[in-house]
Amino acid sequence: MKIAVTAQNPGWTESLDTRFGRAAWFVIVDAETKRWEAAENLQNRQSAQGAGIQAAAAIIDRQAEVLLSGNVGPKAFRVLHSGGVRMYRTDVSKQQTVADAVTAWERGELEEITAATTEGHSI
Amino acid sequence: MKIAFASGKGGTGKTTVAVNIANILQQTGADVQLLDCDVEEPNAHLFLLPRIAWSVPATVRRPDVAEEHCTGCGVCAEFCEYNAITVFKNTVIVFPELCHGCGVCAQFCPERIITESDRAIGVIEGGAAGGIGFVQGRLNVGEVLAPPLIRQVKEKAPKAAVTLIDCPPGTSCPVIEAVRDMDLVVLVSEPTPFGFYDLTLMAATLKTLAIPSGVVVNRCDIGNDELYRFCDREGLPILAEIPHDRRIAECYSRGALITESLPAYRELFANLWQQTLTLLPSRPDR
């Protein structure tokens with residue numbers, strides 16, 4: 001199973017990015033083998049609106065079934081939810097890196113996101 | 001002739017100047033109308049108290065997808081400039097609030113399964129306030145597409161010898177839509193750092209649009225002289241100066257017109273109008 005984690009840089013020990021739609025990078029981790037690959041979120045970060053929507057579609061495209069991030073807005077939530085992605089909220093006071101987030105998720109320490117955690121940002 | 005009242009910074013007195021000019025023109029028997037294009041928060045009606053005689057919904061187009069026939073090719077999402085439609089597996093999600101109604105998704109869908117329908121985003125209503133024709137747009141709460149509504153307000157407005165437009169604040173798309181076909185723009189500002197800064201943005205905008213403009217300095221006895229120096233440098237004429245007078249604030253708070261309640265100011269607004277007319281580009285049909 002693949003887990004998408006929002007990070008400030010590509011890497012297993014890199015810092016988490018608390019934003020979803022405008023996150024710098026997505027690190028896609030294989031839950032079993034811990035192999036990972038990173039995708040830069042450049043285009044969405046610069047889009048005027050709908051960054052969360054596009055980011056969500058990209059995560060689903062990469063067959064991630066789990067997302068670990070700080071916040072998920074209403075439109076991204078709708079897309080991720082429809083795409084069957086389960087979302088979990090990272091907490092920067094407890095997890096600093098991609099590795100921390102995945103470990104915490106494995107231990108069941110992350111709160112599942114069942115509704116948008118922030119207001120939309122569009123306009 | 002079409003004249004808009006804009007500012008950049010909010011709360012500088014656009015509406016105050018617009019409604020009082022409308023009132024002065026009405027007193028001379030002119031064929032004048034006021035269009036309130038500040039559609040997110042129209043307030044000219046509070047001063048003019050128009051009798052609303054008609055109301056029509058303002059709409060934008062939105063796509064409807066026959067999802068059961070979707071192959072999931074994603075062409076619609078790829079072409080959408082506004083990220084208003086997204087496709088994954090065979091699921092299509094449309095976000096109408098982000099859609100600008102351009103129709104590119106319907107145009108390029110290879111399966112031709114996207115049709116368009118109208119979505120109401122607000123209303124346009126009109127009538128008259130005494131001798132002043134009145135039209136306003138009201139955007140529904142939560143909607144963000146002010147420009148199409150402003151465009152429709154201008155389209156629905158009847159013809160009049162003098163059309164005055166109360167613009168939204170800022171210098172972005174809604175203001176551009178409001179001022180784009182104007183003969184002249186009256187910039188209402190105040191000599192504060194914030195008022196000054198936004199005036200420079202608005203002046204640059206109008207320069208690009210090649211629309212002549214002049215400046216009304218409201219609360220002229222506060223702040224500093226930065227705004228005056230800028231106007232001097234840019235060749236922007238000062239059309240009038242309105243003092244920071246407590247009686248004007250009281251008048252405003254009651255929803256009253258200065259040109260009715262404070263007769264001493266009638267001349268100021270009459271002169272403002274005369275100065276404005278001198279800036280009109282001469283056209284063969286006038």
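Strand 1 (residues 2–7) and strand 4 of chain A lie parallel and share four bridges. The model is predicted.

Strand 4 (residues 64–69) of chain A has five buried residues out of six, so the rest of the structure largely encloses it. On its other pairing, strand 4 of chain A runs parallel to strand 5 (residues 86–89) of chain A, again with four bridges. There, Leu67(A) has Met87(A) of strand 5 as its bridge partner.

These strands belong to an open sheet of six strands in chain A, in the order 3-2-1-4-5-6. The pairing in this sheet is mixed. Which strands stand at the edges? They are strand 3 (36–40) and strand 6 (111–113) of chain A. Each has a single partner strand, so one side of each lacks a neighbour in the sheet. On average, neighbouring strands here are turned by 30° against each other, direction ignored.

Strand 2 (residues 25–30) of chain A runs antiparallel to strand 3 of chain A, and five bridges join them. Ile28(A) has Glu37(A) of strand 3 as its bridge partner.

| Residue | Bridge partner | Strand of the partner |
|---|---|---|
| Leu67(A) | Met87(A) | strand 5 of chain A |
| Ile28(A) | Glu37(A) | strand 3 of chain A |
| Lys2(B) | Thr163(B) | strand 8 of chain B |

**Chain A: the whole chain**

Chain A holds four helices and six strands. From the N terminus, its elements run β-β-β-α-α-β-α-β-α-β. Its radius of gyration is 13 Å, close to the 14 Å that the globule rule gives for 123 residues, so chain A is as compact as a globular protein of that length. Along the principal axes, its C-alpha atoms fill a box of roughly 40 × 25 × 25 Å.

Of the 123 residues in chain A, 45% are buried. Take the chain A contacts between residues at least 6 apart in sequence: 53% of them join residues at least 24 apart.

Chain B has an open sheet of nine strands, ordered 3-6-7-2-8-1-9-10-11, with mixed pairing. Its edge strands are strand 3 and strand 11 (238–242) of chain B, and each pairs on one side only. Neighbouring strands of this sheet are turned by 20° against each other on average, direction ignored. Strand 1 (residues 2–6) and strand 8 of chain B run parallel, joined by four bridges.

Helix 5 of chain B packs on this sheet and touches strand 2, strand 3, strand 6 and strand 7 of chain B. Its direction makes about 155° with that of strand 7 of chain B. Is helix 5 (residues 146–156) of chain B mostly covered or mostly open? Mostly covered: eight of its eleven residues are buried. Among them are Pro147(B), Leu149(B), Gln152(B) and Lys154(B). The buried residues of helix 5 also pack against helix 6 (173–179) of chain B.

**Cores and a buried cysteine**

The largest nonpolar core has 65 residues. Ala4(B), Phe5(B), Leu34(B) and Val216(B) have the most contacts inside it. Helix 1 (residues 14–27) of chain B gives the most to this core, with six residues. A second, separate core has 52 residues, including Val5(A), Ala23(A), Ile53(A) and Tyr88(A).

Cys167(B) sits in the loop between strand 8 (162–166) and helix 6 of chain B. It counts as buried because it has 30 C-beta neighbours inside 10 Å. Its contacts include Ala4(B), Phe5(B), Cys37(B) and Val175(B). Cys167(B) and Met1(B) lie 166 residues apart in sequence, and their C-alpha atoms are 16 Å apart.

**Where the chains meet**

Eleven residues of chain B contact 15 residues of chain A. On the chain B side, strand 4 (85–88) and strand 5 (91–94) of chain B each give two or more residues. That side divides into eight nonpolar residues, three polar and no charged.

Methods. Residues numbered from 1 in each chain as written. Chains lettered and ligands numbered in written order. Predicted model: local features only at pLDDT ≥ 70, side-chain atom pairs only at ≥ 80, totals over all residues. Pairing = 2+ DSSP bridges. Axes fitted to C-alpha atoms, helices over the stretch in contact; angles between N-to-C directions. Contact = placed C-beta atoms within 7 Å. Nonpolar A, V, L, I, M, F, W, Y, C, P; charged D, E, K, R; others polar. Core = buried A, V, L, I, M, F, W, Y, C linked by C-beta atoms within 7 Å. Buried ≥ 20, exposed ≤ 12 C-beta atoms within 10 Å, placed from the backbone. Rg over C-alpha atoms; globule rule 2.2 N^0.38 Å. Lists of a residue's contacts leave out its neighbours within four places in sequence.
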